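Dear colleague,

Please find below the structure that I am handing over to you.

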Amino acid sequence: MSTDDLFTTAAADIVRRPLAARMRPTSLDEVVGQARLKVVGSPFRQLVDHADAQSPGQSMAPASVILWGPPGCGKTTLAGLIAHQPGRRFVELSAVSSGVKEVRAVIDEARRSLGATGVETVLFIDEVHRFSKTQQDALLPAVEERWVTLVAATTENPTFSVVTPLLSRSLVVPLEALADSDITLVLQRAVTDQRGLAGAIELGEGVLELLVRRSAGDARRALTTLESAAGAARQRNALVIERGDVEKACGQSLTHYDRDGDYHYDIISAFIKSVRGSDVDASLHWLARMIDAGEDPRFIARRLIILAAEDIGLADRTALTTAVAAAEAVALIGMPEGRLPLAEATVALALAPKSNALIGAMDSALADVREGRGGPVPTHLRDGHSSSRIATDGDATYVYPHDEPGRIAAQQYLPDSLIGTRYFEPRHVGDEIALGERLERILRGLRGGEPQAD
């Protein structure tokens with residue numbers, strides 16, 4: 001039998017329906033991952049089981065549900081398990097293209113259907129976080145009166161993206177990202193299952209691991225890549241998918257990267273050391289490696305925030321603000337657009353003057369505290385109402401700095417045992433040059449000299 005015949009036998013509708021659609025589970029037990037939802041007696045299991053037990057026309061509609069989880073974790077599949085049951089109409093709205101008019105039209109039709117035939121309507125809205133407040137408010141009467149059973153899916157925290165009245169009327173079901181073992185099972189099933197490739201093609205050495213890594217925990221992406229790679233193998237009249245077929249399916253060379261292994265830490269280490277070393281081109285290279293391999297952009301952003309405080313500090317007082325802004329931007333817009341604020345922060349931090357004076361000062365101060373150095377708070381610095389302050393003859397009186405020349409009062413602030421200790425030693429770089437000059441003026445004033453006015 002030829003390769004073409006094998007593929008035709010494996011899936012007669014392969015052209016009409018994508019592999020990911022053909023392999024969609026038809027029962028809760030067939031769902032990969034989300035073990036918590038499948039436990040007997042769990043709220044979601046009860047929703048699905050009750051749906052299975054219903055007969056047409058019964059009014060035991062399940063509560064409205066909001067499925068919250070990352071892409072490819074099974075939100076649409078789980079929605080379908082609730083929706084596609086006897087005695088129900090299934091209607092899907094696009095959160096991108098539908099307006100209030102479309103929402104109200106669906107609700108009106110659902111009311112007519114329920115009144116005339118007793119058939120319930122399940123309204124599925126993917127990416128419900130894209131619905132405006134007005135659109136979400138339009139759903140409230142229908143959900144409240146059970147004219148429709150709403151099944152909504154979102155990748156964003158519904159606490160922030162769904163209006164409170166709708167949230168309070170729905171069961172929020174958090175979903176977990178699929179583990180590599182889950183994706184492995186999804187792919188193995190697709191290769192052998194009659195709905196998938198039906199064993200008509202095999203995976204070459206290491207290809208399964210490549211597909212799993214490339215999927216970044218997204219089952220839909222994994223199946224789409226597998227299907228495309230199978231097509232590439234078919235074009236060269238082969239029955240084994242090789243690495244090159246996966247590369248063609250992805251449209252690019254596969255990056256060697258393991259998010260849970262040593263190489264993951266090697267790459268992030270190279271990235272941080274390149275930024276610290278002010279090599280902007282190397283910094284962008286390692287950033288691109290991580291983004292291309294599907295690294296969590298939030299992880300990259302967090303490391304940039306740490307670097308801004310640790311390796312730049314006060315040498316560039318905008319560095320930390322830039323890093324935090326990049327992290328917030330990534331959280332707001334996601335990927336792939338999030339690569340741009342990450343790149344902007346990377347370049348800014350790589351080119352910024354570097355100083356580790358801040359971390360040195362903080363660690364030295366902590367070391368003194370942990371070694372028990374210090375002692376009681378000087379009397380004049382204590383709270384005037386504190387019971388720990390016992391007035392004695394000769395007690396120093398706190399001097400209000402704003403009443404002094406240069407707003408510097410010549411008085412003691414450190415505990416007695418640490419008088420004269422210096423923690424922060426500004427480097428002669430960037431903004432710390434000016435900070436160092438100001439510090440010297442302040443120290444002269446604290447010692448009783450004449451501070452220069454700012």
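In these notes, a residue is called buried when its relative accessible area is under 20%, exposed when that area is over 50%, and partly exposed in between (1.4 Å probe, protein chains only). The structure is a predicted model, in which local features need pLDDT of at least 70 and side-chain atom pairs count only at pLDDT 80 or more, while totals for chains, interfaces and linings use all residues. Residues are numbered from 1 along each chain as its sequence is written, and side-chain values use heavy atoms, with hydrogens and water left out.

I begin with glutamine 135. This residue is buried, as its relative accessible area is 9%. Glutamine 135 belongs to helix α7, residues 133–144 (helices are DSSP runs of H or I with at least four residues, numbered from the N terminus). Its side chain comes to 2.7 Å from the backbone nitrogen of serine 132. Leaving aside residues up to four places away in sequence, glutamine 135 touches Ser98, Gly99, Val100, Val103 and Arg130, where contact means heavy atoms within 4.5 Å.

Side chains of opposite charge can pair when their charged atoms come close. The structure contains 15 salt bridges, each being a side-chain nitrogen of Lys or Arg within 4 Å of a carboxyl oxygen of Asp or Glu. Arginine 130 pairs in this way with glutamate 127, with 3.0 Å between the closest N and O atoms. Arginine 130 is partly exposed at 47% relative accessible area, and glutamate 127 is partly exposed at 29%.

In one, aspartate 431 meets arginine 317 at 3.8 Å, N to O. Aspartate 431 lies in α20 (residues 431–446) and arginine 317 in the loop between α16 (297–312) and α17 (319–333), so this pair ties together parts that are 114 residues apart in sequence. Aspartate 431 is partly exposed, with 30% relative accessibility.

In the other, the closest N and O atoms of glutamate 440 and arginine 422 are 3.8 Å apart. Glutamate 440 is in helix α20 and arginine 422 is in the loop between α19 (357–370) and α20, so the parts joined here are 18 residues apart in sequence. Glutamate 440 is partly exposed at 34% relative accessibility, and for arginine 422 the value is 34%, again partly exposed.

With kind regards

Terms used: Helices (H or I, at least four residues) and strands (E, at least two) are DSSP runs, numbered from the N terminus. A polar contact is a pair of N or O atoms within 3.5 Å; within protein, one must be able to donate a hydrogen and the other to accept it, and residues adjacent in sequence count only if both atoms are side-chain atoms.
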